[in-house]
Amino acid sequence: MKIHLKRLNTNYLFETKNERGDVVLLDNKSEEEPKGSSPMDLILRGIAGCSSIDVVMILKKQQHELEDLQVEVEGFREDGAIPNVFKKINLNFILKGDVPAAKVVRAVKLSMEKYCSVSKMLEKAATITYTITLNDEEIN
């Protein structure tokens with residue numbers, strides 16, 4: 001896995017590109033009008049994406065198809081700390097579909113506790129919690 005970063009302006013805007021050519025813009029959130037995500041934003045996006053891929057994959061293997069999957073992620077950092085790493089991360093999985101609640105709970109649990117590389121890496125520094133809502137009802 002390889003990433004190339006190139007500075008695009010005289011401030012903090014960077015273009016990152018992976019080996020496939022996918023582009024993600026990085027910027028400093030303190031800029032007046034940031035043109036990209038901050039590196040810490042990308043970490044939260046990474047855990048949301050990694051765990052979502054796992055959940056969809058696990059449910060597909062069990063012949064269950066979701067109508068919708070959304071994840072809200074909130075990261076909490078210690079004010080004034082340097083480096084200012086995440087101390088707690090909470091994910092709220094919001095799913096819709098004709099899928100048994102027990103299967104959804106198991107899929108999310110497997111992702112968060114076994115398969116999601118991002119969460120396994122981040123749990124070394126932060127407490128990670130999650131909630132699950134299936135068809136507008138909290139189920140965990």
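Colleague: Before we look at this predicted model, what counts as two strands that pair?

Modeller: Two strands pair if DSSP finds at least two bridges between them. In this structure, β4 and strand β5, residues 86–96, pair in the antiparallel sense over ten bridges, and within β5 the bridge partner of Q70 is I94.

Colleague: In which order do the strands of that open sheet lie?

Modeller: As a general idea, strands of a sheet pair through backbone hydrogen bonds, either parallel or antiparallel. Here four strands make an open sheet in the order β4-β5-β6-β7, and the pairing is mixed. The edge strands are β4 (68–77) and β7 (137–138), each of which pairs on one side only.

Colleague: Which strands does helix α1 touch?

Modeller: Helix α1, residues 39–61, packs on the sheet and touches β4, β5 and β6 (127–134), while its direction makes about 40° with that of β5. Helix α2, residues 101–115, lies across β5 and β6 and runs at about 160° to β6.

Colleague: How should I read the sheet with the order β1-β2-β3?

Modeller: That sheet is open, has three strands, and its pairing is antiparallel. At its edges stand β1 (3–7) and β3 (23–26), each with a single partner strand, so one side of each is left without a neighbour in the sheet. Neighbouring strands of this sheet are turned by 25° against each other on average, if direction is ignored.

Colleague: How many bridges join strand β2 to β3?

Modeller: Strand β2, residues 14–18, is joined to β3 by four bridges, and the two run antiparallel; in β3, L25 is the bridge partner of E15.

Notes. Residues are numbered from 1 along each chain as its sequence is written. This is a predicted model: local features need pLDDT of at least 70, side-chain atom pairs count only at pLDDT 80 or more; totals for chains, interfaces and linings use all residues. Side-chain values use heavy atoms; hydrogens and water are left out. Contact means heavy atoms within 4.5 Å. Axes are lines fitted to C-alpha atoms, for helices over the stretch in contact, and angles run from 0 to 180 degrees between N-to-C directions.
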